[in-house]
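Have the model open as you read.

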Amino acid sequence: MHMNDQFDTGMVVLANSGPTSACWSCGEMRAAHFCTSCGKVQPPAPADHFSFFGLPRKLDLDVARLERDFYELSRKLHPDLHGVTDTREQEWSLEQTSKLNDAYRTLKDPIGRTRYLLSLEGVELEEQSKAATEKARSTGQMKQQVVPPDLLEDVFELNMQLEELRVQKKMGEDDPALLEEIGKQKLALEAKQDVLLSELKGYWEEWDSAAEIDDSGRTRVRDKMVDLLNRRNYIRNLVRDVNKVLEM
Amino acid sequence: MSYSDKVIDHYNNPRNVGSMDKGSSEVGTGLVGAPECGDVMKLQIKVNPQTSIIEDAKFKTFGCGSAIASSSLATEWVKGKTVEEALAIKNTEIVKELSLPPVKIHCSVLAEDAIRAAIHDWKKKQETAKPVAVAAQ
């Protein structure tokens, strides 16, 4: 299965399961990423971003600590420091570093972290939407839209204004009133984004404790977070579109 | 990713772009959105109250080529159909007609949602409009 029986033991250990296996190099008990005894980088274990950092799957995490761990691991795993005499160790060091970067980038961002955790929970936003449409088709009921109607109205209106501004800009004109109106809406959207983020954070604690309690509480909080992420995503895309037109 | 010829045709020559009077009792309006991509789609139908046949349809979509093509096609398809027939339109038929790739399936879902939402709006108006119409006479 693996290139050499000698290395087998190290491959299957999860990063957060502690030093339960032997270092491929010195035979001492190893830590997740490198051997604490001889300092050799270990082959990457199949781990999600949380367990890569030895963290429980919780949303309300200590970002300062995450950052410290990231910098420390970055230094220790740096490919320049390893594999001078061993090309496998050089490769593992590269792989570990790339996993480290992915994990850090995802977890430090509150939205990215929530999105990632929900994906670990099996939430696929597009699949959900498709399933809801199929349900609406078979029952004849109205599909529950993930985006609330009032937000959709605003989005539609703003898009109409953006279209107008785009046409004006192409013709070399600028309607100051329209510019001001769009600028105002952009500020309102950005404020809404912040509100949605703090609402989302409000559910973190509930999720983190609900994870150990019961399924229905879990589902309820999960759906709330999905809803907030959907709305925020919508607004983020819209702000991006506004900026694009303003920069024309 | 490249668009199919049909998508490009609908994108370059969208059918039935425009809007109708939202307040009219014969008009149903569906406004739907896809958070994955930020698309927003408005589809309106004008229904003959005697025959339940959709006599006209208009749309306005802000989104990618596939979203525009899906809604353009949707307005073509619903025209001349009864509301019940229009409710039977499935997103998979739109996918097939436009040869949409998997990443663009949500555009067809959005178009089906828009048809459904417009019909729902029209039906709701029929239920509430009648007593009002009587009272107005």
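A crossing counts as left-handed if the near helix is turned anticlockwise from the far one by less than a right angle, and as right-handed if clockwise. By that rule, H3(A) and H4(A) cross in a left-handed way. Before going further, a word on provenance: this is a predicted model, where local features need pLDDT of at least 70, side-chain atom pairs count only at pLDDT 80 or more, and totals for chains, interfaces and linings use all residues. Residues are numbered from 1 along each chain as its sequence is written, chains are lettered from A and ligands numbered from 1 in the order in which they are written, and side-chain values use heavy atoms, with hydrogens and water left out.

**Helix pairs**

Helices (H or I, at least four residues) and strands (E, at least two) are DSSP runs, numbered from the N terminus. Axes are lines fitted to C-alpha atoms, for helices over the stretch in contact, and angles run from 0 to 180 degrees between N-to-C directions.

| Pair | Angle | Axis distance |
|---|---|---|
| H3(A) and H4(A) | about 165° | 10 Å apart |
| H1(B) and H2(B) | roughly 80° | within 8 Å |
| H7(A) and H9(A) | roughly 15° | within 10 Å |

For the labels, angles under 35 degrees count as roughly parallel, over 145 as roughly antiparallel, 65 to 115 as roughly perpendicular and the rest as oblique.

Take H7(A) and H9(A) to start with. Their angle is roughly 15°, so the two are roughly parallel to each other, and the crossing is left-handed. Contact (heavy atoms within 4.5 Å) involves, among others, A:Leu158, A:Leu162 and A:Arg166 of H7(A) and A:Tyr234, A:Leu238 and A:Val242 of H9(A). By class, this contact has twelve nonpolar residues, one polar and four charged. For those classes, Ala, Val, Leu, Ile, Met, Phe, Trp, Tyr, Cys and Pro count as nonpolar, Asp, Glu, Lys and Arg as charged, and the others, Gly among them, as polar.

Back to H3(A) (residues 63–77) and H4(A) (residues 87–108): these two are roughly antiparallel, therefore, given their angle. Their contact includes A:Phe70 and A:Leu73 on H3(A), with A:Leu100 and A:Tyr104 among the H4(A) residues.

H1(B) brings B:Val7, B:His10 and B:Tyr11 to the contact, and B:Ile68 is one of the residues from H2(B).

On a 1 Å grid over the protein atoms alone, a cavity is a set of points where a 1.4 Å probe fits but cannot get out, and a pocket is an open set with protein on both sides within 12 Å along at least five of seven lines; lining residues have an atom within 4 Å of a point. Grid points are joined across faces, edges and corners, and a volume is the space filled by probe spheres set on the points.

The largest pocket holds about 570 Å³. Of its 27 lining residues, A:Arg166, B:Thr61, B:Phe62, B:Gly63 and B:Ile68 are the closest to the centre. H9(A) gives the largest share of that lining, seven residues.
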